[in-house]
Amino acid sequence: MNNAGRKGWSCTWKYKMSMVLTSTVFMVYGVGLSASSAEPRIPSGQTPEQITTEQTSIKVPSSTSGHLLQTLADKSQPKRMAIIIDDVGNNMKGTDEILAMPIKLTVAVMPFLPTTKKDAIAAHEKGMDVIVHMPMEPKKGKPEWLGPGAITSKLTDEEVREHVEKAIDDVPHAIGMNNHMGSKITSDKRIMSIVLDVCRERGLFFVDSRTNFRSVAGQLAISKHMPPVGNDIFLDDQNSKQHIRKQMDLAAQRAIDKNICVVIGHVGHTGLNTSAVVRESISRLQGQVEFVGIGDLVREVWNWHAAPTLPTGNK
């Protein structure tokens, strides 16, 4: 082959190889384009978890899918608020208004007072939950604020048990108990252990009003296989509609964020303002939160069902 022939063959071969390489590049690039367009892209700065809540078609690693499903399930959970109204049982201001509410409330009735039985029965007949509002010694406060049958730090083990038993017997239809005052007692492991034992024996749960951040009630409840229920927000620690409304909004937001919220309000000094704000909040929060009894939360959230081991006279 002469030089001209060699040059012609070389050019032809280079041309063919160039075409093959070009085609290969386009094929690979084309496949890449096809693959990348098959799934949406995750915007810069967003994690798979974040984008999945907005676009459920995006695939995520199997190691995180369980967490994501749980996250999505939490968002679909009902947002429930249990409102407990304390100090019922002494014909206090706001009692009639609370008992006339068109939603399910929880009424905490103090034992051994003039309208204890009347109010407990009325609440039960209206479909509300009834719990014993057990007087307990505070760190500070006047003794007369406690009411009869109070648990104090000077009581013996037998006396504590007797006081709790009698209080339960005095409040018809009670399904649980919470503390009235009690900042001193709820931090006393000896006494609270007895209180919870009696509640468990009688088929009642205990709601820690959380008047003391050092309370041992929740920890003890867990150790005794009882639900560690506690108050999240006081509605009326200040007696003004503006403040109570603000607290109600905080409670609603907590229910939305955490799925549940337990709040405590009162009859008496704040009773008329509290009942007025609760009533107006029913329509204002409609569609955002569901108002339930504390018993509903105990059964559905903590999966706790009463199993009394002793006869009970509060039915």
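Author: Not counting residues up to four places away in sequence, Gln247 touches Ile233, Phe234, Leu235 and Asp237, a contact meaning heavy atoms within 4.5 Å. This is a predicted model, where local features need pLDDT of at least 70 and side-chain atom pairs pLDDT 80 or more, while totals for chains, interfaces and linings use all residues. Residues are numbered from 1 along each chain as its sequence is written, and side-chain values use heavy atoms, without hydrogens or water.

Gln247 belongs to helix 9. Helices (H or I, at least four residues) and strands (E, at least two) are DSSP runs numbered from the N terminus. The relative accessible area of Gln247 is 10%, so the residue counts as buried; that word means under 20%, exposed means over 50% and partly exposed lies in between, with a 1.4 Å probe and protein chains only.

Helix 9 covers residues 241-258 and packs against helix 10, residues 271-284. The axes of these two helices are 9 Å apart, at an angle of about 45 degrees.

Helix 6 (residues 157-170) and helix 7 (residues 189-201) have axes 9 Å apart and pack at an angle of about 40 degrees, so helix 6 and helix 7 are oblique to each other. From helix 6, the contact takes in Asp157, Val160, Arg161, Val164, Glu165 and Ile168. From helix 7 come Arg190, Ile191, Ile194, Val195, Asp197, Val198 and Glu201.

Turning to the strands, Ala174 is a residue of strand 4, which spans residues 174-181. Its relative accessibility is 1%, so Ala174 is buried. Between the C-alpha atoms of Ala174 and His124 the distance is 8.9 Å, although 50 residues separate them in sequence.

Two loop residues come next. Asn91 sits between strand 1 (80-88) and helix 4 (95-99). Its phi is near 55 degrees, a positive value in a residue other than glycine. With a relative accessibility of 56%, Asn91 counts as exposed. Phe112 sits in the loop that runs between strand 2 (106-109) and helix 5 (116-125). Phi of Phe112 is also positive, near 65 degrees, again in a residue other than glycine. Phe112 has 33% relative accessibility and so is partly exposed.

For the chain as a whole, the count is 11 helices and 9 strands. Of its 315 residues, 44% are buried. Among contacts with a separation of 6 or more, 73% are between residues 24 or more positions apart.

Methods:
Axes are lines fitted to C-alpha atoms, for helices over the stretch in contact, and angles run from 0 to 180 degrees between N-to-C directions. Angles under 35 degrees count as roughly parallel, over 145 as roughly antiparallel, 65 to 115 as roughly perpendicular and the rest as oblique.
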